[in-house]
Every structure is written in C-alpha cells, then in structure tokens.
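The sequence and the structure come first, and the notes follow.

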Amino acid sequence: MRRFLLPVGALITALLLAGCQSSTPPVDQHLPYRLEKERQAQGADQRIRFLVIHYTAEDFHNALNTLTDEHVSAHYLIPARPPVEEGKPVAWQLVPESLRAWHAGASGWRGRTNINDTSVGIELENRGYSAHLLGKKFYPYPPAQIDLLASLSEQIVTRYQIEPRNVVGHSDIAPQRKDDPGPLFPWQELAKRGIGAWPDAHQVQAILAGRDPHQPVDTQSLLEKLAKYGYPLTDNMTEKQQRRVITAFQMHFRPEDYRGIADAESDAIISALLAQYPDKN
C-alpha cells in the first residue's frame, strides 16, 4: 500500500482549520443567558400569507422616489421595460421581505386586516388609467415586465407557500379605494405559471347551466360568496360600495365586463373558485 503524505504547509493549514472549527464557541456563549431549543412549538406558521400586486400610476423615476421616502414603500419595484444586466432582467428590491413595507394601507382579506403585516408587495411601473367621458382607460403591461414579475412571484409563492387565493391585487384588498392593478393585468397568465387563482372554464359553464351570463342575480347572495372567498365587506354598505366590491372581483376574474352588476356569470365564477380553492384555515 502506498502512503500519500501531505506537504508540511498543507498539513499545518489543515490542523489550524480543524482547531479553529473545534474551538469556535456557539453563539449562545456570548449571551448573558442560555436558550434551550430542543423542543419547538407546533403552533406557528409563516408570517407572510399574501402577495399583493400594485401599479405605480407614475413613471419609474417618480415611483422610485415615492417608494423610497418615509411615507409609502413596497418590497419590489419592476420597471415597465426591465434593464438587462449579464443576461438577466433587473427588478428593484426596496424593502427586505423580512421587514414590513407600507404598500397596502387600510385593507382586508379573508377576515384579516392590516395586510401590510402579513404580505409582500410588488409595484409595477404602469400609468394606471386616464379618465375619459366614457370611463377609465387602463394601460397594458409589457410582456417583459410580466415575465419578470412571474419569475419573482414564483419564488415568493414557493418560499412562503402562499395559497393561490392569497395572491391578490390592491383593488381586491381595498376595493373602496383602489383599482390597481386594473382589468388589463394578466391574472390568467400568472395562474398558468402557478401564481394565483383562476376559475376553471368548464366548471363555470357547468354551474352556469345554460343561463344567460348577464341574467341578474341577487346582489346579497353574490356578496356573501365574495366575502367567503376573501373580499372585505362592511355593515350597511351603500349600493355604490357594493358595486365597488363586485367591480374589483370582476376586474380580476372577468375583465371584459367589470361594471359591478351582479349577474349569473359572476355568480358562476365565484362558485367555481370556492369549489377549486376551499378554505384551509
């Protein structure tokens, strides 16, 4: 048997490294107390439960200034046309995910409030909308921006095991105040990549059962289903407030018609979603 001898220098280095590793004190030794960590509680879960998508309603430069001042913030900002560095598109991280960002404001989802505390917020550079006599004109999202958003969101959803119905727009969690990300945001495209919820078309048609999609349905019944899915409702809502909630839902799941009218197709869509994504809480 041949013996292989280490050079003297390498042997000394190895011994020194071994000595350092064996003599490195545990972190707790620097504390004035000791932590026993053998038993861990089962009653714990991820702090982050929601992913919230926004549009900036202003250009990238102004949005970056807005989101880095002391009044409002988001975890990420994605330009309309992301620059490419070393072959990779660039997004801006403005707040570490471990910290709370101020992006949601007064909000609610699935019975929870203060969504800032339990969410990651992503802002997309987008003009939002312009007002016209016939209503609001929303602006589309460039494919490169959505592709980068999808890549980033995939990682976030996987990292925190965020449920599909907890990937929402600002208008979903604050329907009385917000319209973003608007009806041109491609929720269905993201759902195909495993990000967020989308109703199964065959199930929607089966629930519709041949009814005219625009056939009126009971508004209160529809609102109860929307609340069960997650939309925030309050007592004694006015008709306008009720329509705002229905509009937010329709912009997300039926963007071709978001007038806020309670109709059979909206009822079929929310019924399908409730069946596809049952409440795990």
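## Model and conventions

The model is predicted, so local features need pLDDT of at least 70 and side-chain atom pairs count only at pLDDT 80 or more, while totals for chains, interfaces and linings use all residues. Residues are numbered from 1 along each chain as its sequence is written, and side-chain values use heavy atoms, with hydrogens and water left out.

## Overall content

The secondary structure of the chain consists of nine helices and eleven strands. These are DSSP runs, numbered from the N terminus: H or I over at least four residues for helices, E over at least two for strands.

The chain has 281 residues, and 44% of them count as buried. Buried means under 20% relative accessible area, exposed means over 50%, and partly exposed lies in between (1.4 Å probe, protein chains only). Of the contacts between residues at least 6 apart in sequence, 70% join residues at least 24 apart; a contact means heavy atoms within 4.5 Å.

## Helix α2

Helix α2 covers residues 60-67, and its residues F60, A63 and L67 are buried. These residues lie on the same side of α2, because they cover an arc of only 60° around the axis. The arc is taken from the directions from the helix axis to the C-beta atoms. In general, an α-helix has 3.6 residues a turn, so residues three or four places apart point the same way.

The cover over the buried residues of α2 includes β2 (76-78), β5 (92-93) and β8 (119-124). At the N-terminal end, D59 caps α2, with a side-chain oxygen 3.3 Å from the backbone nitrogen of H61.

## Largest pocket

The largest pocket holds about 280 Å³ of space. Pockets are found on a 1 Å grid over the protein atoms alone, as open sets of points where a 1.4 Å probe fits, with protein on both sides within 12 Å along at least five of seven lines; lining residues have an atom within 4 Å of a point. Grid points are joined across faces, edges and corners, and the volume is the space filled by probe spheres set on the points.

The lining of the largest pocket has 20 residues, and Y55, E123, H170, K178 and D180 lie nearest the centre. Both β1 (50-55) and α2 supply at least two lining residues each, and α2 gives the most, with three. By type, the lining divides into eight nonpolar, six polar and six charged residues. Here Ala, Val, Leu, Ile, Met, Phe, Trp, Tyr, Cys and Pro count as nonpolar, Asp, Glu, Lys and Arg as charged, and the others, Gly among them, as polar.

## Backbone exceptions

Most residues other than glycine have a negative phi, and most peptide bonds are trans. The peptide bond from D180 to P181 is cis, with omega near 10°. P181 is in the loop between α4 (170-173) and α5 (187-192).

E86, in the loop between β3 (84-85) and β4, has a positive phi near 55°. E86 counts as exposed, at 83% relative accessibility. N114 is in the loop between β7 (112-113) and β8; its phi is also positive, at about 50°.

R254 is in the loop between α8 (239-253) and α9 (264-276) and is buried, with a relative accessible area of 3%. The side chain of R254 makes a polar contact with the side chain of D263 at 2.9 Å, and a polar atom of the R254 side chain lies 3.1 Å from the backbone oxygen of D257. A polar contact is a pair of N or O atoms within 3.5 Å; within protein, one must be able to donate a hydrogen and the other to accept it, and residues adjacent in sequence count only if both atoms are side-chain atoms. Leaving aside neighbours within four places in sequence, R254 is in contact with F249, D263, E265, S266 and I269.

A101 is in the loop between β5 and β6 (108-109) and is buried, at 0% relative accessible area. Its contacts beyond four places in sequence are with S73, A74, H75, V95 and N116. S153 is in helix α3 (143-160) and is buried, with a relative accessible area of 0%. Beyond four places in sequence, S153 is in contact with L51, I122 and I195.
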